[in-house]
Amino acid sequence: MQIEARRAFWRRIAGALAPIGLLVLSALSASAQSASDFAGNLSPLFQGILARPSDLNNTLQYAASASADDIESAIGTYEQLLFYNPTLSRVRFELGVLYYRLGSYEMARGYFQSALQMRDITPDLRERAEDLIEIIDKKLQVDQFTGYVQTGVAYQTNPGAGSGPQTVLAAGHTVNSNFAATPDWNWFGAFALNYVHDFENQNGDTFEASAVGYDAQEFRLHQFDIGLLELRAGPRFGIPTGNPNMSLSIKPYLVATGALLADAPYYGGLGGGLTLHTNVGNVALDPYAEIVQQSFRNSTFYPLASGLSGTLSTYGLQASGPVSSGLGWQSRLGYGHASDNYGPYSYDVYAADIWLPWNFSFPGDGRIWTLTPTAGVSRWLYSAPDPNINPTITPLTTEWRVGLGLDIPIWKHIVLGTLVQYRADQSNVAAFTMHDLLVSAGPTYKF
Amino acid sequence: MRAYKIIAVLLAGATLTSAPALGQQVGTATAVNPLSESTPPGAATAPLTVGARIIHKERIHTTPTGTVQLAFLDKSTLSIAPNTSIVIDEYVYDPNSGRGHMLTSLTQGALRFVGGSLSHEGEASFATPAAAIGIRGGTVTITFGPNGAEIIDHFGIVTIHNGAGTVTIYRPDFKVRVLNWTTLPGPIERVLSSDIEHLPRFTSLPGQNGGVSGLHSVSIAECGVFGTRSNNCPDTPWVPTDTGLNDANQIITQGTQQGTGTTAPHRHGS
């Protein structure tokens with residue numbers, strides 16, 4: 001009887017616990033699949049994507065936050081939004097931007113073109129999409145040309161970078177009046193042409209060439225009329241790194257330079273160099289080394305120029321990267337050593353420059369303005385006193401320069417390029433101390 | 001005796017209830033257009049719906065109108081085109097260490113894989129009857145049909161291997177075709193815009209909404225950041241226009257310094 005009663009008791013307990021047990025086990029089972037298991041290092045927004053994909057607010061926030069540093073994750077999320085509404089031009093445009101940033105230009109173009117076909121596209125988004133398609137078309141060419149052409153007028157307070165007219169040289173006489181600080185206007189023209197041939201192999205090997213030209217004709221001070229042409233060319237060899245986020249290439253190149261000064265042949269240079277390109281995260285690094293054999297020719301205004309002939313070796317690092325909100329930076333650090341025919345003209349120079357191009361546009365206008373503050377410093381250490389200037393003091397000169405450029409969009413590829421630049425040289429030799437303010441403006445065609 | 005029967009029923013019920021959980025959840029169906037179906041291991045085929053949990057060994061099949069996007073724990077996504085059959089063969093991922101591996105079989109159709117943590121570690125791979133595809137840090141589109149497989153590299157390093165050999169794509173916008181398992185993959189070719197235009201559809205058709213309605217507009221600023229343009233935007237490369245000016249300044253400064261101590265010659269025109 002007691003045994004039967006005990007069995008009945010356990011049956012009742014088991015019967016009561018059965019549904020509870022099922023409930024608990026089911027809950028455990030469900031909890032094993034819940035988003036809380038995904039916590040780990042996952043962000044709350046991404047946990048939301050997994051647990052509540054239909055939470056549009058969460059998805060939009062995640063897409064925007066991921067765009068900054070996780071391009072692929074942002075692509076996945078914007079493609080998710082495109083599933084929910086395939087007619088949104090903004091989503092298609094953003095996908096184009098993201099694929100562009102990955103270097104997947106064909107995919108980017110596909111999304112930009114599809115954005116153009118959407119009914120809700122705004123005029124400024126249309127303009128941006130068309131601009132980017134044009135850039136992509138250029139990037140996908142086997143032979144790519146980029147550059148600019150500019151012309152304009154400039155005013156300089158001291159185009160010859162001379163000292164004051166009353167500066168007394170060591171010999172007791174004043175400086176040659178042709179080189180004393182005197183303001184003048186000039187007309188100038190400038191161009192740059194960059195050419196890249198893509199061999200379309202898996203290493204990304206290319207052949208690159210560039211030409212930079214500059215010509216300025218003074219209105220009065222023709223001893224400072226200058227024409228300059230520099231050519232560089234060489235193959236760039238890609239080096240596989242095994243890391244898709246890191247590129248590495250090496251480029252040997254030849255460089256040739258020629259210049260006219262005071263409308264007479266003045267300078268010719270021929271040499272070569274070696275440069276590397278790599279990136280650390282978003283920062284591009286281009287260290288380089290270059291040796292140029294320089295040849296200067298004496299002329300009426302510059303009878304001692306041939307003493308500058310010799311070898312110029314430069315070593316430096318160019319770097320660039322983004323900062324934020326359309327703001328980027330480019331910099332150049334360099335060291336140069338000139339070993340010239342005339343000993344006192346030989347020098348060492350240390351230089352540093354930085355550019356901070358800031359792209360912005362006004363609301364409702366897709367055109368891009370570019371404001372570029374610049375700053376730089378060079379320190380020149382000559383090897384010996386120059387008897388013609390000061391036979392007892394070895395020149396030591398520091399140049400500071402600051403500038404502000406503004407590119408104002410005019411129409412499609414044409415901008416009004418303006419520049420204000422101030423230079424000041426401080427030297428232990430009075431004749432090398434100077435300052436100069438330059439203001440220039442002119443239309444620029446960029447391609 | 002009856003008590004044992006009740007406990008047995010209880011355990012059996014619990015086992016059945018937890019059967020789908022025997023496979024660990026590895027991701028979520030973040031968008032689904034009908035008709036798309038899934039077959040979890042040991043379970044019947046059923047229509048897939050948005051928000052459904054995806055477990056490993058799960059088979060997913062889309063019909064001519066069906067498309068699916070899956071999001072995985074490591075932040076990778078898989079967009080599946082119509083008429084496609086895949087199986088998530090293996091998926092192991094530890095969010096804390098960021099390690100694991102993923103293997104997906106594509107037996108028919110097309111998919112786009114956008115890589116996450118696993119692919120960045122080189123641990124994402126796909127199997128087709130024509131080739132095995134390993135992905136490092138990448139985004140790829142893979143199609144497989146009667147004419148073999150085609151693999152497009154959108155980003156990253158993609159290794160294609162089969163019984164005849166191995167090729168590796170290092171550059172975005174390049175592709176390779178593979179006829180079958182015994183034919184060497186290749187050659188590697190540049191992707192053309194027509195290749196992109198003719199890709200299968202990896203998103204909704206007009207009128208479809210991926211299972212989530214209500215997205216009529218998005219209020220994001222350009223390049224993915226709220227409020228202002230960001231440096232994520234690909235702008236026209238900035239070209240410093242003072243390069244020639246600076247070189248000219250240096251030449252003139254040097255000329256002036258050496259000319260300062262000379263005697264003034266006659267000026268032009270004087």
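Visitor: Is the crossing of H6(A) and H7(A) left-handed or right-handed?

Guide: Left-handed. Bear in mind that this is a predicted model.

Visitor: Which residues of chain A are those two helices?

Guide: H6 covers residues 105-116 of chain A, and H7 covers residues 123-139.

Visitor: At roughly what angle do their axes cross?

Guide: Roughly 150°, and the axes come within 9 Å. Angles over 145 degrees count as roughly antiparallel, so that is what H6(A) is to H7(A).

Visitor: Which residues of H6(A) and H7(A) make the contact?

Guide: From H6(A), A:Tyr105, A:Ala108, A:Arg109, A:Phe112, A:Gln113, A:Ala115 and A:Leu116. From H7(A), A:Arg126, A:Ala129, A:Leu132, A:Ile133, A:Ile136 and A:Lys139.

Visitor: How many of those are nonpolar, polar or charged?

Guide: The contact of H6(A) with H7(A) has nine nonpolar residues, one polar and three charged.

Visitor: Switching to strands. In what sense do S10(A) and S12(A) pair?

Guide: Antiparallel, over nine bridges. S10 is residues 347-355 of chain A and S12 is residues 369-382. For a landmark, A:Val349 has A:Trp380 in S12(A) as its bridge partner.

Visitor: And how many bridges link S11(A) with S12(A)?

Guide: Three, again in the antiparallel sense. S11 is residues 358-360 of chain A. There, A:Trp358 sits opposite A:Leu371 of S12(A).

Visitor: What about S12(A) and S13(A), how many bridges?

Guide: Twelve, with the strands antiparallel. S13 spans residues 396-411 of chain A.

Visitor: Which residue in S13(A) stands opposite A:Gly376?

Guide: A:Arg401.

Notes
Residues are numbered from 1 along each chain as its sequence is written. Chains are lettered from A and ligands numbered from 1 in the order in which they are written. This is a predicted model: local features need pLDDT of at least 70, side-chain atom pairs count only at pLDDT 80 or more; totals for chains, interfaces and linings use all residues. Axes are lines fitted to C-alpha atoms, for helices over the stretch in contact, and angles run from 0 to 180 degrees between N-to-C directions. Helices (H or I, at least four residues) and strands (E, at least two) are DSSP runs, numbered from the N terminus. Angles under 35 degrees count as roughly parallel, over 145 as roughly antiparallel, 65 to 115 as roughly perpendicular and the rest as oblique. A crossing is left-handed if the near helix is turned anticlockwise from the far one by less than a right angle, and right-handed if clockwise. Two residues are in contact if their C-beta atoms, placed from the backbone, lie within 7 Å. Ala, Val, Leu, Ile, Met, Phe, Trp, Tyr, Cys and Pro count as nonpolar, Asp, Glu, Lys and Arg as charged, and the others, Gly among them, as polar. Two strands pair if DSSP finds at least two bridges between them.
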